[in-house]
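The report below takes up ring pairs, helix geometry and nonpolar cores in turn. Please read it alongside the sequence and the structure.

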Amino acid sequence: MAKTQSFPFLSVCAAISLLALGALAGCTTSALDIEPDTSISPKLAREIRAKGFREEDPVLIRIFKAESEFEVWKKKPSGQYALFKTYPICRWSGKLGPKKKIGDRQAPEGFYQVSLGQLNPKSQFYLSFNLGYPNRLESALGYTGEALMVHGACSSSGCFALTDQQMAEIYPLVKAALKSGQPSFQVQSYPFRMTADNMARHAGDPNMEFWRAMKVGYDSFEATRREPAVAACSGRYVFNQPAESLPANPLAPCLTEPALASAPLSMPSASTAYAYQDGGMHKSFRELLTRYGEKRLAARISLRKYPISRPGAALADPYRPPAD
């Protein structure tokens with residue numbers, strides 16, 4: 001696993017004006033008059049070549065909320081994906097668990113496909129792409145919300161916020177893949193790295209059955225480094241199933257019942273019962289927030305100096321690892 005980047009450049013979701021109005025559907029996607037340069041820089045091109053990739057290679061993204069980490073993977077000629085880089089997330093909002101309704105401030109969890117039309121080079125948050133929430137399963141379950149984005153500026157009302165500088169790398173990477181023939185790239189958004197220890201740590205969480213279904217897709221990618229085929233039946237995700245075994249309605253019973261991931265072995269410790277939760281921030285950004293304060297940090301990571309969302313909650317991030 002590559003070492004996480006710790007420089008102050010990551011962002012995904014901010015809606016400062018909307019928060020003031022109480023409109024918490026997601027991140028706004030208003031366009032700006034000036035479009036940033038979205039080509040691959042010479043420095044990034046050298047890094048791509050140094051790691052054995054080509055600019056046009058397909059991409060896949062994994063997001064881990066509790067760890068506040070954002071992974072970009074690229075496909076090798078073998079058909080398997082290899083990790084290109086792990087970016088620290090500056091801000092995400094809500095709690096662990098899926099987004100279910102508009103206004104809940106939840107960053108989503110699930111499996112999404114992002115096509116070229118979902119990229120916004122003129123986002124008011126520098127650069128952004130829409131995750132496509134709600135997906136087919138979420139729509140069938142009646143979940144609501146819109147404009148759930150990955151973008152710049154360290155402010156979130158349901159999105160994943162990276163810095164403008166990090167988006168200046170991520171956006172060109174995904175754009176190059178889509179422009180080179182990848183129809184869409186998969187985004188896997190998880191509550192945490194779905195190890196046996198983490199599953200056991202959260203054993204008593206009401207979202208556990210949902211997470212057990214997600215873990216099958218997580219385990220598939222961990223074992224094969226190939227993109228899992230995602231579908232839904234019985235109101236939950238299923239993976240790598242033959243098309244003839246899948247009903248048209250995601251809520252209809254699976255024609256053949258796929259197994260869930262193994263159940264956790266123990267109940268959670270008291271440390272997982274968070275008294276206050278409003279998303280998370282990677283430890284590298286908490287250190288910078290402590291050092292510079294919210295205004296100076298915003299100026300360092302956002303060209304438009306968007307305020308850091310709920311900085312007090314960010315500093316009290318309950319999802320920090322025990323050794324933090």
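The model is a predicted one, and phenylalanine 221 belongs to helix α6, which covers residues 208-224. The buried residues of this helix are Met208, Trp211, Arg212, Ala213, Met214, Lys215, Gly217, Tyr218, Ser220 and Phe221.

After the helix comes arginine 225, with a positive phi near 55°.

## Aromatic pairs

Over the whole structure, a search finds 14 aromatic pairs. One of them is the stacked pair of phenylalanine 64 and tyrosine 190, whose ring centres are 5.6 Å apart and whose planes make an angle of 15°. This pair joins distant parts of the chain, since phenylalanine 64 lies in strand β1 (residues 59-64) and tyrosine 190 in strand β10 (residues 185-190), 126 residues apart. Phenylalanine 64 counts as buried because its relative accessibility is 0%, and tyrosine 190, also at 0%, counts as buried as well.

The rings of tyrosine 81 and phenylalanine 221 are 6.4 Å apart at their centres with planes at 50°, so this pair is classed as tilted. Here too distant parts of the chain are linked, with tyrosine 81 in strand β3 (residues 81-88) and phenylalanine 221 in helix α6, 140 residues apart. Tyrosine 81 has 4% relative accessibility and therefore counts as buried.

## A ring cluster and charges over rings

Ring pairs join Phe64, Phe111, Tyr190, Phe210, Tyr218, Tyr237 and Phe239 into a cluster. Arginine 193 lies over the face of one member, phenylalanine 64, at 4.0 Å from the ring centre. Elsewhere, lysine 51 is placed over the face of phenylalanine 84, at 4.6 Å from the centre of that ring.

## Nonpolar cores

The largest nonpolar core contains 58 residues, and Ile61, Phe70, Phe129 and Phe185 are those with the most contacts inside it. Helix α4 (residues 164-179) supplies the largest share of this core, eight residues. When residues up to four places away in sequence are not counted, phenylalanine 129 touches Ile61, Phe70, Val114, Gln118, Leu119, Leu148, Met149, Val150, Ile170 and Phe185. There is also a second, separate core of twelve residues, and Cys90, Leu288, Ala298 and Ala314 are included in it.

How far does α7 span between its end C-alpha atoms? A straight helix of 19 residues would span 27 Å at 1.5 Å a residue, whereas α7 spans only 15 Å. In this helix a bend of about 110° occurs at glycine 293. Its buried residues include Ser284, Phe285, Arg286, Leu288, Leu289, Tyr292, Leu297, Ala298 and Ile301, and among the elements that cover the buried residues of α7 are β3, α4 and α8.

Serine 302 is situated in the loop between α7 (283-301) and α8 (311-315). Its relative accessibility is 3%, so serine 302 counts as buried. Neighbours within four places in sequence left aside, serine 302 is in contact with Ala153 and Asp164.

Note on methods: Residues are numbered from 1 along each chain as its sequence is written. This is a predicted model: local features need pLDDT of at least 70, side-chain atom pairs count only at pLDDT 80 or more; totals for chains, interfaces and linings use all residues. Side-chain values use heavy atoms; hydrogens and water are left out. Rings of Phe, Tyr and Trp (its six-membered ring) pair if their centres lie within 6.5 Å; planes under 30 degrees apart count as stacked, over 60 as edge-to-face and the rest as tilted. Helices (H or I, at least four residues) and strands (E, at least two) are DSSP runs, numbered from the N terminus. Buried means under 20% relative accessible area, exposed over 50%, partly exposed in between (1.4 Å probe, protein chains only). A charge sits over a ring if NZ of Lys or CZ of Arg is within 6 Å of the ring centre and within 35 degrees of the ring normal. Contact means heavy atoms within 4.5 Å. A nonpolar core is a set of buried Ala, Val, Leu, Ile, Met, Phe, Trp, Tyr and Cys residues joined through side-chain atoms within 4.5 Å. The expected span of a helix is 1.5 Å times one less than its number of residues. The bend at a residue is the angle between axes fitted to the seven residues ending there and the seven starting there.
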